[in-house]
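Student: Please take a close look at a single part of this structure. I am new to it and would welcome one connected account of that part and its surroundings.

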Amino acid sequence: MLKIPNRVFTSQSEHLRKAGVDLRAGRVSLAFDALRNEGHIAGYVSKDEAKAALVRGYTRSIEKGRSALLVAPTNVDVDDLNARVHAAVSDRLGEERSYRTAFGKRAFAIGDLVVAREPNRDAAKTVNRDAFTVTGHRDDGRLELRRERDGAAVSWNLLEKPRLDYGYARTSNSSQGRTVDDQFVLPARNRRGAYVDVTRARQNVTIAYGQDEIPDFGRLMAQAQRDNTKTLVRDAVTAQAARKPQEARDQSFARARGVAAEQGAQREAAERAAAEARTRWATAVEEARARAEGARLAQLAQWKADPDWRGFEIRR
């Protein structure tokens with residue numbers, strides 16, 4: 001592990017704290033100038049190269065045993081970063097199996113970082129955005145997980161709760177409340193997002209942008225200075241377009257769960273009908289035996305009452 005003097009940590013933490021204060025107060029240019037001067041902001045030829053640089057930084061950080069987080073402004077970027085990190089660390093992970101989730105097919109491996117995108121009270125009272133490490137696969141299709149915040153062991157049924165995904169990257173909004181050593185960021189689209197992007201890290205922040213999307217540092221600052229309301233319409237349209245395939249997958253899972261539930265109900269009904277038939281058969285057999293015994297005893301009584309009866313033995 002790379003050892004870095006504590007005074008460097010103190011210096012970085014202090015200027016990151018000051019940048020956060022400036023962003024909160026609306027002094028975006030002051031905060032971003034300071035971050036650039038300290039080497040926290042870098043431009044790349046393309047957004048793809050910026051993502052690759054962020055993933056390299058992230059993997060180096062976790063290899064040193066540090067906590068790290070990738071942050072992006074949209075779910076599309078988050079999905080892409082998650083896939084890149086999973087591919088980058090796959091040689092250091094354990095057994096991998098494919099699962100169907102609400103977000104499409106996912107190959108989860110032992111050691112993968114995953115995040116719940118819905119609450120699950122049956123899984124140790126999991127709340128939305130809880131992070132886990134995959135610890136095992138079960139033959140019944142469940143995933144064995146260890147929760148990040150308290151170490152709780154959880155068994156996750158993806159058929160019942162399919163909203164589980166990779167947890168290496170998150171949106172600015174969903175990263176709120178988390179604190180890590182190192183944060184790697186695709187720039188947010190407004191001032192609130194920029195504030196969150198800078199304030200999740202204790203020691204280091206790396207902001208990388210692609211010049212095919214954001215031509216220069218001045219445009220980057222202008223984007224970070226936007227009021228939150230100015231991006232609402234564009235983000236709503238983008239989110240709606242991104243939700244369509246998600247909604248189709250959710251409907252597919254709902255149908256699958258409905259079919260499974262219907263099949264289960266049919267099996268239970270068939271088992272109840274079979275049990276009731278067995279009960280009726282056993283009852284009919286007992287009644288037939290009782291009737292036969294009654295008839296035999298009545299016949300015997302009749303023979304005994306006959307004066308011509310000579311006492312021959314009636315055997316069963």
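Tutor: The model is predicted, and local features need pLDDT of at least 70, side-chain atom pairs 80 or more, while totals for chains, interfaces and linings use all residues. Residues are numbered from 1 along each chain, and side-chain values use heavy atoms, without hydrogens or water.

Two elements, α3 (47-63) and β7 (143-147), each give two or more residues to its lining. The largest share, 3 residues, comes from α3. Such helices (H or I, at least four residues) and strands (E, at least two) are DSSP runs, numbered from the N terminus.

Helix α3 also holds Lys 51. This lysine, Lys 51, counts as buried because its relative accessible area is 7%; buried means under 20%, exposed over 50% (1.4 Å probe, protein chains only). Beyond its neighbours within four places in sequence, Lys 51 is in contact (heavy atoms within 4.5 Å) with Asp 77, Asp 80, Leu 81, Arg 84 and Leu 186.

Among these partners, Asp 77 and Leu 81 are also buried residues of α4, together with Val 78, Asn 82, Val 85, His 86 and Val 89. Seen down the axis of α4, the buried residues fall within an arc of 165°, so they line one face of the helix. The arc is that of the directions from the axis to the C-beta atoms. On the other side of α4, Val 76 and Ala 87 are exposed. The cover over the buried residues of α4 includes helix α3 and the strands β2 (68-72), β3 (96-101), β4 (104-109), β9 (164-166) and β10 (169-171).

These elements belong to a chain with 7 helices and 12 strands. Of its 316 residues, 38% count as buried. Of the contacts in the chain with a separation of 6 or more, 61% join residues 24 or more positions apart.
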